[in-house]
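Colleague: Could we go through this model together? I would like to understand the words you use for it and where each one comes from.

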Amino acid sequence: MAEDNPNVDLKEEVAELAPFDPSKKKKKKKPVASSDLADDSLDKLTEKTESLSVSEGVENAFAGLKKKKKKPVEPDFLNEETGDAVEDLDDQIKEDEEGEGIVLQTRYPWEGTDRDYEYEELLGRVFNILRENNPELAGDRRRTVMRPPQVLREGTKKTVFVNFMDLCKTMHRQPEHVMNFLLAEMGTSGSLDGQQRLVVKGRFAPKNFEGILRRYVNEYVICNGCKSPDTILSKENRLFFLRCEQCGSGRSVAPIKAGFVARVGRRKAGT
Amino acid sequence: MSEVDVQIPTAFDPFAEANAEDSGAGSKEYVHIRIQQRNGRKSLTTVQGLKKEFSYNKILKDLKKEFCCNGTVVQDSELGQVIQLQGDQRKNVSTFLVQAGIAKKESIKIHGF
């Protein structure tokens, strides 16, 4: 520890030419923009030691040396409570304030001053807290991930869609409905086999299935209002309705129509 | 409808869209372009739902000439006339229909993989 200190201090002196305000008992953290992780941890340690020394009243010596400006309590607070996330945040704030010369190295920009809070800052604070405590609420929309379809070739003329049931379950849709859609879109015939796999007549690549499933999800799964896939498809007097579980909105969806299917293959003499 | 419009001269006519010529096209009169697999790597393209006023045979003739493929007009009992072309012409057909002004881009639905 003792041998680490001078090293860091040197760096700071080079990097930091901002005038120090001794009235505020703050030390500045060294600019971490160029430092790596190891440096960071080292920095933490030095902060700890220095905070100790500050509390012992060696402040003046530090001030003469243009030392770190930092609140004495800050490092402990940082280390015990929030760790890296706030560390990063701090760095960012510090970099923003670098231009001003006097830098208040604090957790929030208003700390140490008696100005009013700005809306943006408060908003940022709320989101930081939210992100620390329960990250899933922080509004980062998670993408719905579906596994890619696994497709096998059965003979030369049939294609087997292996994880058809899994995908139906992840979408919360009836396999019959999905199957109808797939078959209508591909213009072929097919059925479920004994292991609940979908056997389709014709040769199809996994990419083809993926494209069609994507269209299915867009049309029959995703809620138009909030884009969440948490929806229920129900049939009310011959019409299909989609109701969203997240936002409660509903919409009607088009029934699946097979459309025109041309006769391929050989025809019988009679017809 | 037109009488109502004359009597109440409002700036916004709520039925303007519904009364417009191509209102049906938005909701249900899609032009469906489908593909169907045949044996080997051959395929068929079917175009269904073009407006009745058009002469299917003339459209077909141009399509055939443009894409250098054969095709027919098939009479279907439910769906009326359907244009059938040889090969995977989905992209070609849709661009052709849009360029010729036969169908709007929004009202064309391309099916298949």
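Predicted model: local features only at pLDDT ≥ 70, side-chain atom pairs only at ≥ 80, totals over all residues.

Colleague: Why is A:His172 called exposed rather than buried?

Modeller: A:His172 has a relative accessible area of 55%. Buried means under 20% relative accessible area, exposed over 50% and partly exposed in between, with a 1.4 Å probe and protein chains only. Residues are numbered from 1 along each chain as its sequence is written, chains are lettered from A and ligands numbered from 1 in the order in which they are written, and side-chain values use heavy atoms, with hydrogens and water left out.

Colleague: Where does A:His172 lie, and what is its phi?

Modeller: A:His172 sits in the loop between helix 7 and helix 8 of chain A. Helices (H or I, at least four residues) and strands (E, at least two) are DSSP runs, numbered from the N terminus. Phi of A:His172 is positive, about 60 degrees, although the residue is not a glycine. Most residues other than glycine have a negative phi. In chain B, B:Cys68 also has a positive phi, near 55 degrees, and is found in the loop between helix 4 (56-67) and strand 3. With a relative accessible area of 69%, B:Cys68 is exposed.

Colleague: What makes A:Glu185 and A:Arg215 a salt bridge?

Modeller: A salt bridge is a side-chain nitrogen of Lys or Arg within 4 Å of a carboxyl oxygen of Asp or Glu. Here the N to O distance is 2.6 Å, so the pair of A:Glu185 and A:Arg215 qualifies. A:Glu185 is in helix 8 and A:Arg215 in helix 9 of chain A, 30 residues apart, and the pair links distant parts of the chain. A:Glu185 counts as buried because its relative accessibility is 7%, whereas A:Arg215, at 27%, is partly exposed.

Colleague: How do you know that A:Glu245 and A:Arg243 belong on that list too?

Modeller: Their N to O distance is 3.6 Å, and the limit is 4 Å, so they count as a salt bridge. Both ends are partly exposed: A:Glu245 at 41% and A:Arg243 at 44%. In chain B, B:Asp88 and B:Arg90 meet at 3.0 Å; B:Asp88 is partly exposed at 41%, while B:Arg90 is buried at 10%. Over all chains the count comes to six salt bridges.

Colleague: What makes a group of residues a nonpolar core?

Modeller: They must be buried Ala, Val, Leu, Ile, Met, Phe, Trp, Tyr or Cys residues joined through side-chain atoms within 4.5 Å. The largest such core has 26 residues, and A:Phe161, A:Phe164, A:Val178 and A:Leu182 have the most contacts inside it. Helix 7 (164-171), helix 8 (175-186), strand 4 (198-201) and helix 9 (206-220) of chain A each supply at least two residues of this core. Apart from it lies another core, of 18 residues, among them B:Val31, B:Ile83, B:Val93 and B:Ile102.

Colleague: How many residues are in contact between chain B and chain A?

Modeller: On the chain B side there are 20, in contact with 18 residues of chain A. The buried area is about 1500 Å², of which carbon and sulfur atoms give 51%; that is the accessible area (1.4 Å probe) that two parts lose on being put together, summed over both. In chain B, B:Gln36, B:Gln37 and B:Phe113 lose the most area to chain A, together 40% of what that side buries. The count of salt bridges between chain B and chain A is zero.

Terms used:
Contact = heavy atoms within 4.5 Å.
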